[in-house]
Amino acid sequence: MTGNVIVLNGTSSAGKTTLAKSIQALAPEPYHLIAFDQFRDGLADRYRGINSPVDTPGAAGLNVVAAPHEGAMRAYIKLGSQGIAMVRGMHQAIVSFAQTGQHVVVDHFINHRDTAHDLCETLADLHPTLVRVTCDPSELLRRERLRPGRFPGTAETQRDIMSSCLDYDLTVDSTSHSAHELAHQVLSFLMQRKPTIESNE
C-alpha cells in the first residue's frame, strides 16, 4: 500500500515548514518530511547562484536574482536546466518514499510551470493532496523583516504565479491561524478525501 502524500506550496515566509512539522506532530501515523530546501542545499555550490549571468553554472542551477522593484530590493528564484532536473529528482524521491508505504509531507517551492507540470505528472498515481499556503501581504512583509537574508517584499512577487501554477485541493491561511490549527485542517481534509481516492483505485 502506498503512503499518503501532502504537498505544501506557497511563498517564502508563508509558514510551510512550520506547518509541515505540525502535521508530523499531529498526525497519528508518521510522516516523512521532504523539503525543497534539502535538495537546493544538495546542489554543488557553483550551481547555487546569486545574480549569476547567463551561461554560467549559477544560472543553470538555482539562481537568486536580486533586483529593485518599486523602490525596494526583491529576490526572484530562477531555475535553469540543472535546477529543473533537481526538482524532477525530488519528485521521483517523493514517489519512492510513498511506494514503500511511508506517508510524506512535502515542503515545496513551485513557481515554475514546467516543475508544476512534472509534479502533477510524476505523482498522479499517488493522488497527492495539494495545499496552497497563503498569508496576508502585510504579515508576509513583517515576517520577512524578521528573517536574516530575506529581501522584504520578495514573497509578494511570488504570490500570483504560485497561486496559478497548480490546481489546489485545499487552501489554508497562516495570517491569523496557528500551524497547529492549519495542520488539523489539512489532516481533516485528507481523512475526508481518502475514501473517495481509494474507491477510484
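Helices (H or I, at least four residues) and strands (E, at least two) are DSSP runs, numbered from the N terminus. You're looking at a predicted model, where local features need pLDDT of at least 70, side-chain atom pairs count only at pLDDT 80 or more, and totals for chains, interfaces and linings use all residues. Residues are numbered from 1 along each chain as its sequence is written, and side-chain values use heavy atoms, with hydrogens and water left out.

**View 1. The largest pocket and its lining.** This pocket has a volume of about 840 Å³. Of its 34 lining residues, the closest to the centre are S12, D37, R40, I77 and R150. Helix 6 gives the largest share, with five residues. Grid points are joined across faces, edges and corners, and the volume is the space filled by probe spheres set on the points.

View 2. An α-helix has 3.6 residues a turn, so residues three or four places apart point the same way. D37 is partly exposed, with a relative accessible area of 35%, and R40 is partly exposed too, at 24%. (Buried means under 20% relative accessible area, exposed over 50%, and partly exposed in between, using a 1.4 Å probe and protein chains only.)

**View 3. A salt bridge across the sequence.** R193 and D169 meet side chain to side chain in a salt bridge of 3.8 Å, N to O. R193 lies in helix 8 (residues 179-200) and D169 in the loop between helix 7 (154-164) and strand 8 (170-173), so the pair ties together parts that are 24 residues apart in sequence. D169 is partly exposed, at 30% relative accessibility. Elsewhere, salt bridges with shared partners link D37, R40, D41 and R48 into one network. Searching the whole structure turns up seven salt bridges.

View 4. E139, L140, R143 and E144 are buried here. They cover an arc of only 140° around the axis, which puts them on the same side of helix 6; the arc is that of the directions from the helix axis to the C-beta atoms. The buried residues of helix 6 pack against helix 7, contact meaning heavy atoms within 4.5 Å. On the face turned away from the buried side, you'll find the exposed residues S138, R145 and L146.

**View 5. Strand 2 beside strand 6.** Four of the five residues in strand 2 (residues 31-35) are buried. Strand 2 pairs with strand 6 (residues 103-108) in the parallel sense over five bridges, pairing meaning that DSSP finds at least two bridges between two strands. Look for I34, whose bridge partner in strand 6 is V106.

Methods. A salt bridge is a side-chain nitrogen of Lys or Arg within 4 Å of a carboxyl oxygen of Asp or Glu. On a 1 Å grid over the protein atoms alone, a cavity is a set of points where a 1.4 Å probe fits but cannot get out, and a pocket is an open set with protein on both sides within 12 Å along at least five of seven lines; lining residues have an atom within 4 Å of a point.
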